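Me: Please take me through one part of this model up close. Start with what lines it, then show me what else the chain builds.

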Amino acid sequence: MPDAQPVSKGTLDIIVLRALSWSPMHGVEIIAWLEEYTKGRLELDDSGVYQALYRMEGRALVSAAWGVTDNKRRARYYSVTAAGTAYLRAETRKWVRYTDTVTELLTRPLPAGGSR
C-alpha cells in the first residue's frame, strides 16, 4: 500500500504481542491480523515479524508449540506468556505517554509572527 508507514524502531515486538493477546496464532495469521487491524497503514516485513517472534521466544515473552493450520499444514503457534503480558502493558503505557507528549508538542499553536 503506497500510504503504509514503516514500523517505528522498537515497536514491532509490542505490536506482535498485541496481536497475540487476542489468541494464539502462527506467523502468517499474525501478519494477516496486523494488516487487517491496521488497514494496511503499517509496512510489515514478514521476516521482521518472524525475527521478533524468535527474539521474544528467547526472552520468554512468547511460547511456541507446533500445530496444524486450517489448510492442514504444520505451523508454530505462538502464545503470550505472563511475562509477555506484563511487558506489553508496561511498554504500551510508555508508548502512549511518549506519543501523547510528541502530539502535544507538535500540535501546540505556533507563536504569533511565525517562529520565536
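Reply: First, the classes: Ala, Val, Leu, Ile, Met, Phe, Trp, Tyr, Cys and Pro count as nonpolar, Asp, Glu, Lys and Arg as charged, and the others, Gly among them, as polar. With those classes, the lining of the largest pocket splits into 8 nonpolar, 5 polar and 1 charged residues. A pocket is an open set of points on a 1 Å grid over the protein atoms alone, where a 1.4 Å probe fits, with protein on both sides within 12 Å along at least five of seven lines; lining residues have an atom within 4 Å of a point.

This is a predicted model: local features need pLDDT of at least 70, side-chain atom pairs count only at 80 or more, and totals for chains, interfaces and linings use all residues. Residues are numbered from 1 along each chain as its sequence is written, and side-chain values use heavy atoms, without hydrogens and water.

Now the pocket itself. The largest one holds about 310 Å³ of space (the volume filled by probe spheres on points joined across faces, edges and corners). Of its 14 lining residues, T11, I14, I15, T92 and W95 are the closest to the centre. Strand 1 (5-6), helix 1 (12-20) and helix 4 (82-107) each supply at least two lining residues. Helix 4 gives the most, with 4 residues. (Helices, H or I of at least four residues, and strands, E of at least two, are DSSP runs numbered from the N terminus.)

Helix 1 also leads us to helix 2. The buried residues of helix 2 pack against helix 1, strand 2, helix 3 (46-58) and strand 5 (contact: heavy atoms within 4.5 Å). In helix 2 (residues 27-37), G27, I30, I31, W33 and L34 are buried (under 20% relative accessible area; exposed is over 50%, with a 1.4 Å probe and protein chains only). These residues cover an arc of only 160° around the axis, so they sit on the same side of helix 2. V28 and E36 are exposed, on the face turned away from the buried side. After helix 2 comes K39, with a positive phi near 55°.

Strand 4 pairs with strand 5 (residues 74-80) over 7 bridges. S63 stands opposite S79, and G67 has A75 as its bridge partner. The two strands form a hairpin with 5 residues between them, and K72 in the turn has a positive phi of about 65°.

Terms used: Two strands pair if DSSP finds at least two bridges between them. The arc is that of the directions from the helix axis to the C-beta atoms.
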